[in-house]
Amino acid sequence: MKSVTQPFFLSLQIQPSNPHRRQTSLHSLSPLSLSSLKTHPKRPFPIKSQQTHLNKTQSTSTQDDGIPIDHVKTLARFKSLHNHITVVQVSRAADHPFAGSRLLLLDSPGNIHSISFTFPNRRLFTSTYFDVFATLPPILPPGPLAVLGFGAGSAAKLILESYPTGVVHGWEIDPAVISVGREYFDLSWLERKFPDRLKVYIGDAMGAEIEDGFSGILVDLFSKGCLIPELQDPRTWEKMRRSLRRGGRIMVNVGGSCVEAEDGSDGRVVMEESVRALEKVFPGRVSVLTLGNRNEDSSVAMTGEMPDVGEWKRALPKALRFYADMWTPFHG
């Protein structure tokens, strides 16, 4: 573990430590180091917002500035069968886009797994890749949407609240994560509010399937800070393709140079290998959206012909429309 005299970076990027889970990562901050930092309440909590995309109306001056550690409160911390789990609350007084948010951290690196904004300044959208995921429903055929790597339900919440007919089936391997989602991240409330539109399954996301198939699949699967190796195998994408309805699409968080794998793997190389594997199954029908800059970038890939951007934007919540302009074709 790094000494507390070292800088700590809250990196908003997907780095699940479990093979079948979506999450974002807090690279240098483990639960233990968070506790240690609390002995230095005036020390800044530096942020590298590597998978955020702030709206023009949001200040970007705080992206690389620290949150004072006394603005971060630990609400829960324990070890499950699959993870070290920590829930933290960022004070509404913090001068940062995550002010007022609740974060789910997993495993010893402290990977951010889910994010939710709390009262009284509650807001729905997160200025993270979860918002990109929430742009998918308007360009899908009717039918349920799968979330592979459900976590505490961040992506599901955006979709259910934004689209009155949206149906989400989510897979999460760790039942303790679902329990935390219900207690701290409004998941119980979502299940009560949308009993016919939200289904949560405890199990291996790679085995997700339902009768008649999915209209779309959101994929966010990492292990030890790196995309799972199955995503570099075209056979994985072929299996997912077969689980789609006619006209269905896959949208996947493929990471990028921002990813810091435990084994030292180059996040950009793994991202490119994964997108190439996807393109082999969907030749000429893969697009990529990149957030950040080349040194600290992350990407989301999407299958299918590029939709009419104007129609797509008209069907999106206003806060998400700019994402429709950010996609570019993948050329291998």
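Start with Thr126, which counts as buried because its relative accessibility is 3%; buried means under 20% relative accessible area, exposed over 50%, and partly exposed in between, with a 1.4 Å probe and protein chains only. Before going on: this is a predicted model, in which local features need pLDDT of at least 70 and side-chain atom pairs count only at pLDDT 80 or more, while totals for chains, interfaces and linings use all residues. Residues are numbered from 1 along each chain as its sequence is written, and side-chain values use heavy atoms, with hydrogens and water left out.

Thr126 sits in the loop between β6 (111-117) and α2 (129-133). Helices here are DSSP runs of H or I with at least four residues, strands are runs of E with at least two, and both are numbered from the N terminus. What does the side chain of Thr126 make polar contacts with? One partner is the side chain of Thr128, at 2.6 Å, and another is the side chain of Asp131, at 3.0 Å. A polar contact is a pair of N or O atoms within 3.5 Å; within protein, one must be able to donate a hydrogen and the other to accept it, and residues adjacent in sequence count only if both atoms are side-chain atoms. Setting aside neighbours within four places in sequence, Thr126 is in contact with Phe98, Ile115, Phe117 and Asp131, where contact means heavy atoms within 4.5 Å.

Now the chain as a whole. The protein chain has eight helices and 16 strands, and 59% of its 332 residues count as buried. Of the contacts with a separation of 6 or more, 69% are between residues 24 or more positions apart.

Next, strand β5, residues 101-106. Six of its six residues are buried, so the strand is largely enclosed by the rest of the structure. In a regular strand the side chains alternate between the two faces of the sheet. In β5 both faces are covered, with Ser101, Leu103 and Leu105 buried on one side and Arg102, Leu104 and Leu106 buried on the other. Strand β4 (residues 84-90) pairs with β5 in the antiparallel sense over five bridges; strands pair if DSSP finds at least two bridges between them. Gln89 has Arg102 of β5 as its bridge partner.

On to the nonpolar cores. A nonpolar core is a set of buried Ala, Val, Leu, Ile, Met, Phe, Trp, Tyr and Cys residues joined through side-chain atoms within 4.5 Å. The largest one has 49 residues, and those with the most contacts inside it are Leu136, Phe150, Val168, Leu198, Leu218, Met251 and Trp327. Its largest share, five residues, comes from α3. A second, separate core has 32 residues, including Leu148, Val270, Met271 and Phe330.

Helix α3 runs over residues 154-162, and eight of its nine residues are buried. Among them are Ala156, Ile159 and Leu160, which are also on the list of residues touched by Val168.

What does Asp186 form a salt bridge with? The partner is Lys157, with the closest N and O atoms 3.3 Å apart; a salt bridge is a side-chain nitrogen of Lys or Arg within 4 Å of a carboxyl oxygen of Asp or Glu. Asp186 lies in the loop between α4 and α5 (187-193) and Lys157 in helix α3, so the pair ties together parts 29 residues apart in sequence. Asp186 is partly exposed, at 21% relative accessibility, and its phi is positive, near 65°.

Asp186 follows α4, which covers residues 175-184 and has Ala176, Val177, Ile178, Val180, Gly181 and Tyr184 as its buried residues. At the start of α4, a side-chain oxygen of Asp174 comes within 2.9 Å of the backbone nitrogen of Ala176.

The structure holds eight salt bridges. One of them joins Arg182 and Glu191 at 2.9 Å, N to O; Arg182 is partly exposed at 37%, as is Glu191 at 22%. Asp233 and Arg235 meet at 2.7 Å, with Arg235 exposed at 66%. Finally, salt bridges link Glu238, Arg241 and Arg242 in a network.
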